[in-house]
Amino acid sequence: MIRTAWRALVAGAVALAAASGRAAPAGGPGLAEPHIAALRTACLKCHGADDPQGGFRLDTLSAAIDTVEAADRWQKVLGVLNSGEMPPVDEPPLDAVVKIELLDRLAHALVEARQTLADTGGAITMRRLNRREYDNTLRDLLGVQVDVRQLPADSGSPFDTFGSALFMSADQIEQYHEIGLRAIDAAFKKFGKRHERRKLRKEPETEITPRLTKHIQDTIEFHQQLHRWTSAVEEAAKRPENQAVVAELVKLKPDRSSALRHGWEKIAGAPPPTDFGFVDAVRAEHDGFAWRSYGLHRTAYITLPGAATGAYLTVRDAYMNDQYGVGLGHDWPPGRYVLRLRLAATDQSPVRRRCVEYGWWDRLIAIAGCREVTGTMEQPQIMEIPIDVPDTPRGALVIREKGLHDIDGKPHRVFADGMKENGVWLEPAIWIDWVEVEGPFDTDDVPPALTELTSVPDADRPGDSNTSAKLDIRGMLTRFAEKAFRGRDADTGSIDRLVAIFEKRRAAGMSFREAVQEPLAIILSSPHFLYLSEPVAPGAVEAGTRRPLTDLELASRLSYFLTGGPPDDELLDRARAGSLAHPDVLAGEVNRLLADPKSRRFIDAFTHQWLGLDRLDFFQFNDTLYPDYDLATKSLSRQEIFETIALLVREGASLRQLLASDFVVVNGILGRYYGLEVVGDEFRKVSLPAGSPRGGLLGMAAVLAMGSNGEQSSPIERGAWVLRKVLHDPPPPAPPNVPQLTRLDGEILTTRERLLMHQEQPQCASCHRRIDPIGFGMENFDAAGRWRTQDSYTKDGVGTKAWTIDPSGALYGGPAFNDFFALRDVIAGRIDAFATGFTEALLEYALGRPYGFSDEALRDAIVRRAAANDYAVRDFIHAVIQSEAFRSK
Amino acid sequence: MLNAASRRRFLRSAGTLLALPSLESLGFRRFARAAAVSPPKRMVFLGFGYGVTEETWFPKQTDGGAGYALPEGLAALARHKADFTIVQGCANKALTEAHWGSTFWLTGANKFAVAGQSFHNTVSADQVAAAALGRDTRFASIQLNASEPGLDGPGHGPGLSLAWDTRGKPIAGFNSPVVAFHKLFSADDVPLETLQAMLADKRSVLDAVREDAKSVERGLNAADRAKLDEYFEGIRDIEARLSKEERWLGQPKPAAPLPAPGEGLVGRGEVLLMYDLIVAALQTDSTRVMTFRQPIQHLLTSLDIKVAAHDMSHYHPGNRMEASQHRDRVQSEMFATLLDRLKATRETDGTSLFDHTTVVYGSNIRSVHYLDNCPTVIAGRGAGVALGQHIVLPKNTPLCNVWLTLLHGTGIRVGSHGDSTGIVQELLTAGAS
């Protein structure tokens, strides 16, 4: 009996492995006879039919892992093998080699079985907009940006488009309603009347320099007064009758003068601090020594050549312009503005410090971007930065030198570093002549959904004979709903209720806009707006069968895929004309949308989730070890990946370029981080010199940085990432309850030695033999992705060990490689595996559900089609959209 | 201002109160109960996600009973040693996710239980409690979350708080002490009629979106209808809340027993503040069931620990283990402070809040990737369980047995919870208060 069960399991495992295209390594069996024999010998004695131990019978275990129950029981088997609980200590152990293979197979088979069990057979369940799409939809519909962060982030699944994980709750319905009200309000503010363009210009020296000058004079004055007072106290202290008191006082503090000042009342004849302009002794100390803490560098500041005509950006001293803030009055409507600066890098500043970062002060500053400063004191530049001004309440717009304020304490540290050099401060690197904010530039571009509503005068009141009588509120709400519902009509019953709500508010004396805000917000909280619903055509279709999407449905599915937002008018027109489903028309629309800047909302969001880039934010980089990998640079390194893929899409280039290429897509800051000569803020294609380790994902700083903990590189993270994202051979999830390795305390090991300990136990070896070698091959990159040849490790109280990195190794199942370049070549040769993983991810994102084994034929067809055109990234996208799965309900 | 329909609703919802001494004054009811009946029972669940330092947090398993030695990781609780019980041996057996310390902690569900779904969960113990204990308070339950972003990632696992509703859907929480404070204590200075009108408006909003939902529902297939049901359930939940709000109309919120907190506290400061809020919410009887999903990385950062949270959880002797132990100590200190506060806060009958509250403190992860022997500390006399004990249960006793025991002890006699197989008799031994 057990024989049959095991046979069938083997068959099941083999079948699963073959079906997944993710078979055990070349020539490797599923569960081979030796494993089964071993299990039979090891387990059946106690877990057979007769009085099974713990009530657990192996002989009745269902053969194929095709039910939840069977999977759960096999999970138990895997669990006790991993935890070492079975076989028990007093029984003979499993042979280590057999155990490794068995664990490897069983873990993979279970992952596959779980995937099969979760397979929805291709059905795409209706889903709501995720937070990102909801945000985009409000922007496209209403032309405004509102804060949606109170909604859940929807980040729990591999992709935020997975309908099964997009829940709805009472809280959320209330939040949609509240955000809807705010969005309508912001839209009326922005588009509800004509806004004159305005300009604010600030000459920062007019605030900063006089304030500093006055402060310096005050501190000098205080300092001198303190000196005078001290002399007077000292004089009195010399009197013979004070000797006993003085002897007691000086015991209290090592600083004699300070001790005497604090005890001045006990010293006969000492004058009070008030005679010298101080409130009391404590304040005298404080004010008198302000000079020590501030005088020197503030004096240095005002004596700089540009202090009279502009302002320098500094650090640590808020009085001295460490972050320059521009507040906009709250009568400034939200919208698109320009921030304009005339600025320069100081002559002696190092190139790496010639950057500014900017953003909105919102409790903690949210960095919106950073720019290189190329102007010189001789020839300052004028920098123009487009900015989105949010609705009120809003913080100030802040400009500061890049990278000095990333974490608490950093300003003090860099300032102290500067002091070590020149005894005074961190010398400023950036000088600003003036700052301008101009705008708004887009308040005349009223979105179509709002033209009619904004044309009713703001102040219209009920009974206003000019307008009220003519208001076609029913028509207005119907037309707004149709836009909000992406071309679908609201039913009359719903509109009736909205009209009634409007009328009731009017009857309460509200103006048109006040009254209409609520019905509009209700439309924005309605299921027609929040869900991508695809009802079955009346009379048609039974459960379990598929039907083609209507053109309107297809338009929404397409635009949410490629632009993360609702279909634009052109797409809706095609849909209404009934031509969208035609493959050529559809392909034309795909090309049009991919050329639209909004396609970046797809590329960035998809890439971020596909490659798991959220890990970049999981930890803080050690800024002493990696001062150049500051927050702004980290953010640019993430952007590099997006820009690269955008370029591949734009140029019709091959997915291969992500595995190895002779160019990178960088801007000046990132280019210099890689040691390339690049100037300017825009990302562009830059050719690499021969022998560069850059070019392709494996050489990108963000990918390498994710494979670290912010301090040290992590070969495990890197190896697992490559298996998961590149080689389409994901390791099973980290198993619970594996016993800790025995530790070699008191010894310092190289990274490689440390990780080779993973081979000590079969439970670890079964995965780590695949993971670790790849990570070793990438060890020439440090935690922040810079090239290195040496590494070292310091263990507190034990010492430091340094070693030359040995990047050689062999992929599990071969081939061997000598260094990173050879590893990269091997991986670049696995384009089919990479393309397969990419396709699965693209399908998951586009269809909003997990990839299932029932998608296999589709996936393979897409890969084949793309392969015919050298794996052009665009071709994958086209193939997914033209597929029946994408076009059917 | 009430229209006929909402008046009917009002009366209907108020009908549940008819059994109580008086309908004319809710305030009187509360007063009468306070005078005549013993204070209500409460339950608080504190989840810290990643586990503990096994070597220095758990008492020796051979050292059971009341005379056990308190290990270093719990030493800060020494002054409360007679007032809490530590339980070893429990696990949520279906859990396979080595980084999910909270998702199934209070539910005991099997993620894979339903074919065709890659995720499944069931109701959490706190919500079972809330269904019974939450009827007479302004808030049926309150869920608190640390403000740390990404808290639904490694450490705690997916979820919007520790709580999951009867349909196994995540329940949102307050993500900052400031928000929680204002919900609990900030006064509505709006006149009663206006509040009633606002409620009526809210109902007409609900009626409108329900109308739209019905039109979406037409023609949907079964799976889509099930999805849309979440929306209908959401509307029903809001309506239930509105009925509750209606019952509480004119009942001013209690005066805050603590000053309004400021923004920006994270880590240790935030936990302590949340603990203050928990005491304040219970003390004012604003709710009787609370959960708190605690910070992980922020706690380390606030302690100036440089090790990243996941690295710390994979500790080995050296700075990672020290970080993990440091974290244990601070967590125990903070927990001890909470117990101090619960003991010091008096009920109207002179007993303490501690006498009527059950506080559970723990995680689904023991340490590293271990999911068995979940760290579990129970304090408070609310459920009448034996305190001052170190109880070692057979390995892999369902953690839900503990939850079931606590629910029963609190007077909520549900037949089972999660994968429970029975009551933990050891928790019920005589000597409990």
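The legends below describe close-up views of a predicted model.

**Figure 1. Chain A as a whole.** Chain A is built from 31 helices and 17 strands. Its C-alpha trace extends over about 110 × 90 × 60 Å along the principal axes. Buried residues make up 56% of the 889 residues of the chain. Among contacts in chain A with a sequence separation of 6 or more, 72% join residues 24 or more positions apart.

**Figure 2. Helix α3 of chain A.** Helix α3(A) covers residues 68-83, which is 16 residues. The distance from its first C-alpha to its last is 22 Å, close to the 22 Å expected at 1.5 Å a residue. Ten positions are listed here by name as buried: A:V68, A:A70, A:A71, A:W74, A:Q75, A:V77, A:L78, A:L81, A:N82 and A:S83. After the helix comes A:G84, with a positive phi near 80°.

**Figure 3. Packing of α3 against α4 in chain A.** Helix α4(A) spans residues 96-117, and its axis lies 10 Å from that of α3(A), at an angle of about 150°. Because angles over 145 degrees count as roughly antiparallel, α3(A) is classed as roughly antiparallel to α4(A). The two helices cross in a left-handed sense. On the α3(A) side the contact is formed by A:V68, A:A71, A:D72, A:W74, A:Q75, A:V77, A:L78, A:L81 and A:N82. On the α4(A) side the residues are A:K99, A:L102, A:L103, A:L106, A:A107, A:L110, A:R114 and A:L117. By class, the contact contains twelve nonpolar, two polar and three charged residues. A:W74 and A:L78, which take part in this contact, are among the buried residues of α3(A).

**Figure 4. Packing of α19 against α30 in chain A.** Helix α19(A), residues 583-595, meets helix α30(A), residues 873-882, at an angle of about 135°, and the axes are 11 Å apart. This angle makes the pair oblique. The crossing of α19(A) and α30(A) is right-handed. Helix α19(A) contributes A:P583, A:L586, A:A587, A:V590, A:N591 and A:L594 to the contact, while α30(A) contributes A:R874, A:I877, A:H878, A:I881 and A:Q882. Seven of the contact residues are nonpolar, three are polar and one is charged.

**Figure 5. Packing of α21 against α30 in chain A.** Helix α21(A), residues 631-651, also packs on α30(A), with an angle of about 75° and axes 7 Å apart. The two helices are therefore roughly perpendicular. A:L648, A:V649 and A:R650 of α21(A) touch A:V873, A:R874 and A:I877 of α30(A). The contact has four nonpolar and two charged residues, and no polar ones. In α30(A), A:R874 and A:I877 take part in this contact and also in the contact with α19(A).

**Figure 6. Surroundings of A:H768.** A:H768 sits in helix α26(A), residues 762-777. Its relative accessibility is 14%, so A:H768 counts as buried. Apart from neighbours within four places in sequence, A:H768 is in contact with A:I716, A:H758, A:Q759 and A:P773.

**Figure 7. The loop holding A:P254.** A:P254 belongs to the loop that joins α8 (243-252) and α9 (256-262) of chain A. With 86% relative accessibility, A:P254 counts as exposed. A:R574 is 320 residues away from A:P254 along the chain, and their C-alpha atoms are 86 Å apart.

**Figure 8. Helix α8 of chain B.** Helix α8(B), residues 268-283, has 16 residues, which should span 22 Å at 1.5 Å a residue. The end C-alpha atoms are 23 Å apart, in agreement with that value. Buried residues of α8(B) are B:E270, B:V271, B:L273, B:M274, B:Y275, B:L277, B:I278, B:V279, B:A280, B:A281 and B:L282. In chain B these buried residues pack against the strands β1 (42-47), β3 (142-145), β4 (289-293) and β5 (357-362), and against the helices α5 (177-185) and α11 (319-344). B:D285, which follows α8(B), has a positive phi near 55°.

Figure 9. B:S243 is part of helix α7(B), residues 222-248. B:S243 counts as buried because its relative accessibility is 17%, below the 20% limit. B:P257 lies 14 residues from B:S243 in sequence, with a C-alpha to C-alpha distance of 27 Å.

Conventions. Residues are numbered from 1 along each chain as its sequence is written. Chains are lettered from A and ligands numbered from 1 in the order in which they are written. This is a predicted model: local features need pLDDT of at least 70, side-chain atom pairs count only at pLDDT 80 or more; totals for chains, interfaces and linings use all residues. Side-chain values use heavy atoms; hydrogens and water are left out. Axes are lines fitted to C-alpha atoms, for helices over the stretch in contact, and angles run from 0 to 180 degrees between N-to-C directions. Helices (H or I, at least four residues) and strands (E, at least two) are DSSP runs, numbered from the N terminus. Angles under 35 degrees count as roughly parallel, over 145 as roughly antiparallel, 65 to 115 as roughly perpendicular and the rest as oblique. A crossing is left-handed if the near helix is turned anticlockwise from the far one by less than a right angle, and right-handed if clockwise. Contact means heavy atoms within 4.5 Å. Ala, Val, Leu, Ile, Met, Phe, Trp, Tyr, Cys and Pro count as nonpolar, Asp, Glu, Lys and Arg as charged, and the others, Gly among them, as polar. The expected span of a helix is 1.5 Å times one less than its number of residues. Buried means under 20% relative accessible area, exposed over 50%, partly exposed in between (1.4 Å probe, protein chains only).
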